[in-house]
Amino acid sequence: MSFTEKEISEIYNTPLIELIFKAAEIHRNHHDPTRIQVSKLISIKTDGCSEDCGYCSQSARYGTDINGNSLMKLEDVVQIAKEAKYNGSSRICMGAAWRNVSDNSDFDDVLEMVQSLTNMDMEVCCTLGMLSDKQARRLADAGLYAYNHNLDSSEDYYKKIISTRSYKDRLDTIDNVRGAGMSVCSGGIIGMGETAEDRISMLHTFTQMNPHPDSVPINALVPIEGTPLEDQTPVDVWTLIRMIATTRIVMPKSDVRLSAGRNEISKEGQALCFLSGANSIFAGDKLLTAPNNNFSDDMNLFSALGLTPSEPFEKKQKPSINTRYKDKPLEKEKNKWSRPGHKIERNEKARIRKN
Ligand code: SAM
Ligand code: DTB
Ligand code: SF4
């Protein structure tokens with residue numbers, strides 16, 4: 001189903017009490033409201049990223065205080081995945097602080113991680129930055145279930161947050177993911193100073209996709225000291241609920257993931273997010289670099305609300321592994337990603353502060 005921006009705006013601006021009811025109704029028509037999908041994030045390569053994303057703790061440009069690391073070892077990743085599986089996660093999402101994937105030995109190692117975790121009967125997701133169609137196909141051959149690549153905001157507001165890549169680069173990567181047959185995970189962040197119209201425009205872009213993204217993470221900005229957005233006032237819980245409910249209504253079949261910023265919300269606030277159609281979370285006390293809710297608090301909340309974590313591959317079958325993922329490309333592909341390079345004053349200031 002597709003909606004005009006005006007229609008999405010009307011939904012977004014419905015009185016909240018009505019909006020929650022409508023979203024809950026649609027949620028029940030398309031999903032089992034007692035099931036919740038749980039993902040565990042692992043930051044397999046942290047910090048030192050070349051990009052200037054204004055929200056990110058991992059950009060090398062800003063004076064943030066996080067512990068970086070080079071690519072993790074396969075056995076360490078497998079160990080974390082085993083614990084997460086035991087604790088009820090059906091999906092592992094491996095994140096790397098890269099602008100884009102390069103055809104190098106690090107990528108070969110990531111492919112081995114994907115293969116190993118898939119063989120553990122977990123849904124495996126990666127978020128590694130921009131991806132060519134060939135790289136997407138190698139990931140799919142290694143057994144990758146899903147790829148996360150967020151649009152973050154409206155096309156207009158994106159230009160005020162990031163200058164080192166374009167919205168089109170993101171859309172092209174999403175096309176490459178879809179073309180390789182993987183599940184598409186794409187969402188955004190609220191609370192970066194954008195307007196309601198920006199949020200509506202981002203949702204409109206998603207609804208124009210055919211099919212809609214399989215999962216849509218809604219992040220509330222975690223303002224990180226040293227980043228250009230460090231002083232941003234967090235959005236209130238009602239705005240987050242409004243965003244989740246609207247996402248649920250305009251993309252009824254997608255999984256809506258209540259993502260970053262969840263640890264700032266009360267149990268009751270989270271319950272309203274679930275009622276409004278959020279049916280997935282990131283679990284574990286760390287996201288990529290920012291703190292997240294304690295695991296046992298989450299389990300207590302699920303138990304109070306009567307929610308049960310879903311099993312892997314309930315929505316789509318387990319991908320088969322084809323060993324051709326090991327075939328390295330004979331020639332290096334020409335990198336076609338853009339670098340708009342316009343000046344974002346806030347980003348420049350944060351860079352000067354660091355130096
Ligand atoms: N480097 C890859 C990329 O940019 O696609 C993958 C990792 S990146 C950290 C994944 C996503 O996390 C971003 O697209 C953004 O939506 C989200 N994110 C990063 N920092 C955040 C923050 N401080 N608050 C909320 N969401 C954040
Ligand atoms: C997504 O939309 N949110 C996750 C995941 N996809 C990769 C990341 C949230 C990052 C929050 C900030 C941090 O931990 O550094
Ligand atoms: Fe790099 Fe991704 Fe962070 Fe942007 S969001 S600075 S691309 S790690």
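Biologist: How should I read the names and values here?

Modeller: Residues are numbered from 1 along each chain as its sequence is written, while chains are lettered from A and ligands numbered from 1 in the order in which they are written. The model is predicted, and local features need pLDDT of at least 70, side-chain atom pairs count only at pLDDT 80 or more, and totals for chains, interfaces and linings use all residues.

Biologist: Happy with that. How many helices and strands does the chain have?

Modeller: There are 12 helices and 10 strands. Both are DSSP runs numbered from the N terminus, with helices being H or I of at least four residues and strands E of at least two.

Biologist: What makes the radius of gyration agree with that of a compact globule?

Modeller: The radius is taken over C-alpha atoms, and the globule rule is 2.2 Å times the number of residues to the power 0.38. For 355 residues a compact globule would come out near 20 Å, and the chain has 19 Å, so the two agree. As for the box that the C-alpha atoms fill, it is roughly 55 × 45 × 35 Å along the principal axes.

Biologist: Now the helices. Why are helix 1 and helix 9 called oblique?

Modeller: Helix 1 (residues 5-12) packs on helix 9 (residues 237-250) at about 135°, with the axes 9 Å apart. Axes are lines fitted to C-alpha atoms, for helices over the stretch in contact, and angles run from 0 to 180 degrees between N-to-C directions. Angles under 35 degrees count as roughly parallel, over 145 as roughly antiparallel, 65 to 115 as roughly perpendicular and the rest as oblique. Helix 1 and helix 9 are therefore oblique to each other.

Biologist: Which residues of helix 1 and helix 9 make the contact?

Modeller: Ile8, Ile11 and Tyr12 come from helix 1, and Arg242, Thr246, Ile249 and Val250 from helix 9. Two residues are in contact if their C-beta atoms, placed from the backbone, lie within 7 Å. By class, this contact has 5 nonpolar, 1 polar and 1 charged. Ala, Val, Leu, Ile, Met, Phe, Trp, Tyr, Cys and Pro count as nonpolar, Asp, Glu, Lys and Arg as charged, and the others, Gly among them, as polar.

Biologist: What makes helix 2 oblique to helix 9?

Modeller: Helix 2 (residues 16-30) and helix 9 pack at about 40°, with axes 9 Å apart. That angle makes helix 2 oblique to helix 9. Among the contact residues are Leu19 and Ile26 of helix 2 and Trp238 and Ile241 of helix 9. The contact of helix 2 with helix 9 divides into 9 nonpolar, 1 polar and 3 charged.

Biologist: And why do helix 8 and helix 9 count as roughly parallel?

Modeller: The axes of helix 8 and helix 9 cross at roughly 25° and come within 11 Å. Helix 8 and helix 9 are therefore roughly parallel to each other. Here Arg199, Leu203 and Thr207 in helix 8 meet Met243, Thr246, Thr247 and Val250 in helix 9.

Biologist: On to the ligands. Which residues surround ligand 3?

Modeller: The shell holds Cys49, Glu51, Cys53, Cys56, Gln58, Ser59, Ala97, Arg99 and Gly129. A residue is near a molecule if its C-beta atom, placed from the backbone, lies within 6 Å of it. The shell around ligand 3 splits into 4 nonpolar, 3 polar and 2 charged.

Biologist: What is the backbone like at Pro211 and Asp121?

Modeller: Asn210 and Pro211 are joined by a cis peptide bond, with omega about 0°. Pro211 sits in the loop between helix 8 (196-207) and strand 7 (215-220). Asp121 has phi near 60°, a positive value in a residue other than glycine.
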